[in-house]
Amino acid sequence: MANLGFVGLGVMGSLMAQRLLEKGHSLTGYNRTRAKAQSLIEKGMKFAETPRAVAAAADVIFSSVANSAALTSIAEGPDGILAGLSRGKLFVDMSTVGVATSRAIAAKVREKGADMLDAPVSGSVATLKVGKLSLMVGGKRESFDRVKPLLEDFSDQPTAGQGQKVTYVGENGLALVMKIATNSNLAVQMLAFSEAVLLAEKNGIPRQTAVDVLTHSAIASPMVQYRGPFVLKLPETAWFDVNMMQKDMLLALELGRQVDVPLPTAAAANEMLTCARAIGLVHEDFAVMFDALAKMSGVSR
Ligand SMILES: NC(=O)c1ccc[n+]([C@@H]2O[C@H](COP(=O)([O-])OP(=O)(O)OC[C@H]3O[C@@H](n4cnc5c(N)ncnc54)[C@H](OP(=O)(O)O)[C@@H]3O)[C@@H](O)[C@H]2O)c1
């Protein structure tokens, strides 16, 4: 049992914090909107009034927040994590944020005698619930080795043949690079899937039939399998909304520009997200890209 902290108890953070409690760890948590922490408090989490207090109370502090601005907000300032860190502590940020922001905070963490890892996650609410979340980790190898057993607590034991779920990628920031490269594929695949459904549908094949065939075909990645059916019915609460998806697309396009790697399919998918935003669908799950393309095809949901 370890003495842990968790800052950012949104959709992903609350489920990850819950897994740490289920594994028997002692947990102190913080969320800007306290109400979201209530069910975890009832399950035994101690609530701290600031990110600083979480860092002061725990040996290893995890975080999962929306974007780079949110990471800066929980890390910096008099109430931030940095202010509560001391020698030997480890800060593990699991958010998908900009590489430069994460590296700058890691440098400040080291000035405190502590260390930081970027450990973004690939998966969704669904993958987390069934214990199949994968993590990629950037930072010092010895810090990774120290925290690896805890990171493995976020998922169940890997099934034979499915590969490692916790992967050391390299120095600070490289796990974020890997994650951004992975995530740009989500929107690209969703757009390609939507094209295939609409092509089938406008030729007279029922949408349900097209979805059934495609989600059992050679193109059915795990993401297509769980999100493809959203073209039939969107979830009431977005698993990952247009705003969040576009944050990751913009991170990818910026990274591509920095190293001169053209990302033509990511750019096209990003435009379709802008289209979804323009027609008022920004808070829907990003599978709503289908609706944007359907509108352009003269098809209604
Ligand atoms: N959802 C997914 O499927 C998924 C999958 C893989 C990775 N991720 C990544 O995981 C991270 C969290 O995503 P999520 O889906 O859990 O998002 P979410 O439900 O919107 O939660 C965002 C969290 O960030 C906090 N936050 C936002 N702005 C803040 C600020 N300025 N200061 C302090 N806290 C702030 C929110 O606090 P409040 O509750 O007060 O708003 C909340 O705790 C993101 O980086 C996302 O890209 C998500």
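These legends go with several close-up views of the structure above.

This is a predicted model, in which local features need pLDDT of at least 70 and side-chain atom pairs count only at pLDDT 80 or more, while totals for chains, interfaces and linings use all residues. Residues are numbered from 1 along each chain as its sequence is written, and side-chain values use heavy atoms, with hydrogens and water left out.

**View 1. The largest nonpolar core holds 60 residues.** A nonpolar core is a set of buried Ala, Val, Leu, Ile, Met, Phe, Trp, Tyr and Cys residues joined through side-chain atoms within 4.5 Å. Buried means under 20% relative accessible area, exposed over 50%, and partly exposed in between (1.4 Å probe, protein chains only). Look for F6, F62, V92, M94, L151 and F154, the residues with the most contacts inside this core. Helix 1 (residues 11-22) gives the most to this core, six residues. Helices (H or I, at least four residues) and strands (E, at least two) are DSSP runs, numbered from the N terminus.

**View 2. V92 and the residues it meets.** Contact means heavy atoms within 4.5 Å. Setting aside neighbours within four places in sequence, V92 is in contact with V60, I61, F62, S63, L117, A119, V147 and L151.

**View 3. N172 sits in a loop.** This loop runs between strand 9 (166-170) and helix 9 (174-202). Is N172 buried or exposed? N172 counts as buried because its relative accessibility is 11%. Not counting residues up to four places away in sequence, N172 touches R103, A106, R110, M116, L117, D118, G138, G139 and K140.

**View 4. The lining of the second largest pocket has no charged residues.** A pocket is an open set of points on a 1 Å grid over the protein atoms alone, where a 1.4 Å probe fits, with protein on both sides within 12 Å along at least five of seven lines; lining residues have an atom within 4 Å of a point. Which element gives the largest share of this lining? Helix 12 does, with five residues. Among the lining residues are V177, I180, A252 and L255. By class, the lining has eight nonpolar and three polar residues. Here Ala, Val, Leu, Ile, Met, Phe, Trp, Tyr, Cys and Pro count as nonpolar, Asp, Glu, Lys and Arg as charged, and the others, Gly among them, as polar.

**View 5. D260 lies in the loop between helix 12 and helix 13 (264-278).** D260 counts as exposed because its relative accessibility is 67%. Phi of D260 is near 60 degrees, a positive value in a residue other than glycine.
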